[in-house]
Amino acid sequence: MASVSNFLLLFVAAFSAHIFINSPISPQPLHFPPPSSHPKPHLYSSFQRVEKIGEGLLKDPEDVAVDESSGIIYTATRDGWIKRMHKNGSWEDWVRPTQDHTLLGITISLSGKLLVCDAVKGLLRVGDDGVDVLASHVHGSQISFADDVIEASDGSIYFSSASTKFGLHNCFANGVALSKDQDYLLVCESWKFRCLKYWLKGEKTGTREVFVENLPGSPDNINLAPDGGYWIALFQKISSSFTTGGYLST
């Protein structure tokens, strides 16, 4: 019995050493920020009166895009469908670019087609005439987890890749949004509980800085508000002042 126990201990030690030496993972410690110093977010009473749409018809929708010219609402789901809701409230299974891939961020492009982040294929352009892969590699490396996308008025497309190694549960760079004047880009860093600002124009072009940090939850999607501020969706509660899942206006 002792020899069996010794063999098992030796096997476990050898296996652990193999994993430690040969694993492609480069772990970094995750440091949670102290309790948020931001004022407790205001709970808008209007949010309590929102109407849920598509409930029971959509599998974990990640993002929405509104075609202002037609009033159609698009959303991408975890089962590979792009679905759209017409002005009369009816839902249509519009396009399924993939049978088993997760679809994440979407936006309406200047051409009127949909830009879609596919967690496996990369960045897609989807229209009634079919699906095109706009980008599957960057600098020779495969885009392993396209997450969110936005297009500027000059046709430049900015998108985030949440992970260069892992899949859905190891996201890092997340939502992206342009400023009202499109002179900088904001990128949410989910596991650092902050959003970065990357300057696109002006004296600071090409530099980055922290836009907001120490958020009460992990920032996910971010959208420009009509007043020039931003709506940030949060998940992974880290502060008692905020419920799990919600929105923060900044």
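Me: What stands opposite Ala76 in strand 3?
Reply: Ile82 does, in this predicted model. Strand 2 and strand 3 pair in the antiparallel sense over 4 bridges.

Me: How many residues sit between those two strands?
Reply: The strand 2 and strand 3 hairpin has 5 between them. Gly80 in the turn has a positive phi of about 90°.

Me: And Thr77, where is that?
Reply: In the loop between strand 2 (72–76) and strand 3 (82–85).

Me: Buried or exposed?
Reply: Thr77 is buried, because its relative accessible area is 0%, against a cut-off of under 20%.

Me: Which residues does Thr77 touch, leaving aside neighbours within four places in sequence?
Reply: Leu58, Lys59, Asp60, Pro61, Thr102 and Leu103.

Me: Back to strand 2. Which of its residues are buried on each side?
Reply: Ile72, Tyr74 and Ala76 on one side, Ile73 and Thr75 on the other. That is 5 of the 5 residues, so strand 2 is largely enclosed by the rest of the structure.

Me: How many bridges pair strand 1 with strand 2?
Reply: There are 5, in the antiparallel sense, with strand 1 at residues 63–67. Val64 stands opposite Thr75 there. In that hairpin, Gly71 takes a positive phi near 80°.

Me: Different topic. What is the mean pLDDT of the chain?
Reply: It is 80, and 72% of residues reach 70 or more.

Me: Where does pLDDT stay under 50?
Reply: Residues 17–21 are one such stretch, with 1 contact beyond four places in sequence. Residues 241–247 are another, with 20 such contacts.

Me: What does UniProt list for 172–203?
Reply: An unreviewed entry there gives "domain: Strictosidine synthase conserved region". In the model, that segment is 0% helix and 56% strand.

Technical notes
Residues are numbered from 1 along each chain as its sequence is written. This is a predicted model: local features need pLDDT of at least 70, side-chain atom pairs count only at pLDDT 80 or more; totals for chains, interfaces and linings use all residues. Side-chain values use heavy atoms; hydrogens and water are left out. UniProt positions are given in the numbering used here, feature names are shortened, and annotations may be inferred rather than shown by experiment. pLDDT is the predictor's confidence in each residue, from 0 to 100. Contact means heavy atoms within 4.5 Å. Buried means under 20% relative accessible area, exposed over 50%, partly exposed in between (1.4 Å probe, protein chains only). Two strands pair if DSSP finds at least two bridges between them.
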